[in-house]
Amino acid sequence: MNYLIKELLRHRWRTITGITGYIIATFFLLLILSINSVNEKDSLGILKGTGTHFIAYIPSNTSCCVSCDNEGVNKGGSLFAEGVFTMMLNNDMITNIKKIPGVKDAAPYLLYKLFHEKFNTEISLGGIDTTNVATINNVCASADILAGKYLSNNPNEIVAEESFVMAHNLSIGDTLKLYGGKLILAGIINSGIKPGKADIYAPIENVRTILKEKLKCISPGFDMNIVLVEVTDARIQKRVIDQMKKEMNYLSLSSYNCYEPASNVITIIERTSLILSLIVFIFLIVFSVRTQLTLLMERSREIGILKSLGWSNSLLGRQIILISLIQSFIGATVGCLLGVLIIWLMNGNNLLFFDLVKFQVHFRSISTLIIISITGGTIASVFPILKLHSTTAGDMINNYL
Amino acid sequence: MSKYQIECISLCKKYTRNKQIVNAVDNINLCISTNEIVIIKGRSGAGKSTLLNLMCGLIKPTQGKVMIENNSINEVSNHVLSRLLLNQVGIIFQSFNLLPTYSVFENIEIGIIPKRLKQRIDKENIISLLERFNLKDNIYSLPSELSVGQQQKVAIIRTLVKEPSIIFADEPTGSVDDETAGEILESLLNLQRDKQVTLVLATHGNIIEQYADNVFTIENGRIKN
């Protein structure tokens with residue numbers, strides 16, 4: 001060890017050059033990983049929320065269940081989903097669906113449509129659980145509000161889709177005589193293309209009250225006609241749908257299939273990230289091997305002399321590994337510290353690359369880089385050691401490497 | 001069991017130079033007994049250094065083998081060869097082969113570091129040898145700060161401190177003045193006499209032939225006599 005430290009200190013410039021190589025490599029790798037980490041987090045965050053939802057319902061006349069609907073049909077109104085009449089569903093279904101692996105959440109939804117002579121059209125009313133994530137992605141969310149306010153506890157307040165409002169020249173605060181009651185238009189919403197889209201929305205409890213007279217069996221236990229489902233990741237939506245169909249084959253399940261492209265893009269991003277990391281690792285190894293082989297070439301004569309004096313290959317090999325490890329550890333540590341400092345200064349001064357790319361350092365990246373550098377250093381020292389074993393002392397002294 | 005300490009059997013070494021095969025050592029058979037002083041004579045390029053390098057295992061023969069104390073040094077493991085070079089064989093190079101960034105003391109010490117990994121280096125012994133060769137004042141000097149003769153003396157001390165039973169010396173006096181050459185030869189002969197060491201010297205001159213037990217003349221890679 002004494003000789004090793006002496007060796008490192010004595011050839012100060014050679015040592016500094018070796019360490020500097022690791023510093024530069026680690027510094028840039030940290031920047032790449034930091035950008036990659038932010039990019040991956042942002043893009044995957046967006047994509048993972050794309051195509052993670054679908055709706056489940058039982059069309060009327062399905063022979064599985066006892067239908068407690070549908071007197072409303074005879075009165076000109078009906079429970080529906082995607083253009084078909086549906087049955088009421090038992091609350092146990094939510095519990096059962098939530099048990100399926102991959103299901104993040106499930107919410108009840110009551111969707112009814114009724115022909116109104118005044119408006120000369122069918123108007124659909126959606127009863128939602130306002131805070132549930134499955135509702136947000138399948139029906140509407142407070143973030144979709146264009147004007148006015150979102151749903152509150154006021155039992156008479158509703159929000160309406162922008163298209164409905166425009167078609168009937170409505171304004172915030174208007175009172176609508178709908179469904180046998182007086183409903184106040186509290187907000188205008190544009191929920192976009194959603195599987196559970198309706199013309200107007202109200203909290204599900206209020207809708208139950210509104211529809212009490214219209215539906216035959218709005219009773220405890222049968223509170224909805226649609227279950228809104230949210231899965232944890234777009235990539236597993238197909239698996240969840242298949243599992244649900246297997247367990248409850250009477251259900252009709254409907255999604256917009258956004259999960260397929262989203263899933264593909266997530267896979268592409270993850271693979272790109274993996275390939276990038278792999279390239280980074282290979283680069284580090286190649287760099288380390290090159291550094292170590294250069295050091296061996298430079299030290300060739302010296303090592304040949306030591307071999308001729310009786311230094312064994314294992315003793316010299318241990319030295320090469322230790323020198324490589326020391327250099328890679330110091331280089332990686334300094335490189336990471338430098339990277340963190342630069343990123344900290346850039347973020348502190350709000351400096352963005354191309355006005356867009358932001359860096360974010362993770363402790364995991366630093367530890368990974370140090371481990372990768374040390375691994376690279378170890379692997380890199382294998383080649384000089386093989387060279388050492390395959391070359392005689394005389395050839396090394398004469399530099400016949 | 002061979003009665004010889006060193007044996008060269010059908011030893012050949014071929015090089016390729018400018019696409020031509022050069023027989024640097026060509027079918028040499030040689031036997032050296034314990035405590036002998038052997039001189040290998042020859043002109044520059046005759047193959048003396050190559051033969052010496054083959055005899056101490058620094059290079060591998062193209063054909064044939066070298067036996068040292070009944071071990072074929074071309075067939076033993078690297079570990080065994082290292083042990084042999086560390087404990088039994090001392091090599092004095094024509095070009096000294098000192099480590100340029102190490103002091104005189106460190107250059108000597110480095111020859112016995114693997115031997116004394118877990119023990120203290122006998123500094124007193126090194127210092128007494130330096131005194132004997134009038135190098136005590138240069139203990140912390142770098143090789144580049146020494147004269148050629150002094151560098152050769154350091155190389156010799158590095159070998160002596162190992163206390164080998166065989167010393168191979170390649171032109172040990174080749175690049176020094178007559179006075180230093182005399183000093184060096186005297187110390188080698190004293191060592192041979194006092195410590196019962198086998199001495200194999202390669203030279204192109206007629207030095208100490210009168211002390212030699214055997215003189216081999218090499219020409220074009222072959223032993224002449």
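Two strands are taken to pair if DSSP finds at least two bridges between them; strands (E, at least two residues) and helices (H or I, at least four) are DSSP runs numbered from the N terminus. This is a predicted model, in which local features need pLDDT of at least 70 and side-chain atom pairs count only at pLDDT 80 or more, while totals for chains, interfaces and linings use all residues. Residues are numbered from 1 along each chain as its sequence is written, and chains are lettered from A and ligands numbered from 1 in the order in which they are written.

**Open sheet of chain B**
- Chain B has six helices and ten strands.
- Four of the strands form an open antiparallel sheet in the order S2-S1-S4-S5 (chain B).
- Its edges are S2 (20-32) and S5 (71-72) of chain B, each of which pairs on one side only.
- Within this sheet, S1 (residues 6-17) and S4 (residues 63-68) of chain B are antiparallel and share five bridges; B:Ile9 stands opposite B:Lys65 in S4(B).

- Six of the six residues of S8 (residues 198-203) of chain B are buried (20 or more other C-beta atoms within 10 Å of their own, with C-beta atoms placed from the backbone), so the strand is largely enclosed by the rest of the structure.
- B:Thr198, B:Val200 and B:Ala202 point one way from S8(B), and B:Leu199, B:Leu201 and B:Thr203 point the other way.
- S3 (residues 37-41) of chain B pairs with S8(B) in the parallel sense over five bridges, with B:Ile37 opposite B:Leu199.
- S7 (residues 166-170) of chain B also runs parallel to S8(B), joined by five bridges, and B:Ile166 stands opposite B:Thr198.
- S7(B), helix H6 (residues 178-195) of chain B and S8(B) make a right-handed β-α-β unit (with the strands pointing away from the viewer, the path from the first strand over the helix to the second runs clockwise).

- Of the 225 residues of chain B, 44% count as buried.
- Leaving aside neighbours within four places in sequence, B:Met55 is in contact (C-beta atoms, placed from the backbone, within 7 Å) with B:Ile6, B:Cys8, B:Val66, B:Phe168 and B:Val200.

Conventions
Contact = placed C-beta atoms within 7 Å. Buried ≥ 20, exposed ≤ 12 C-beta atoms within 10 Å, placed from the backbone.
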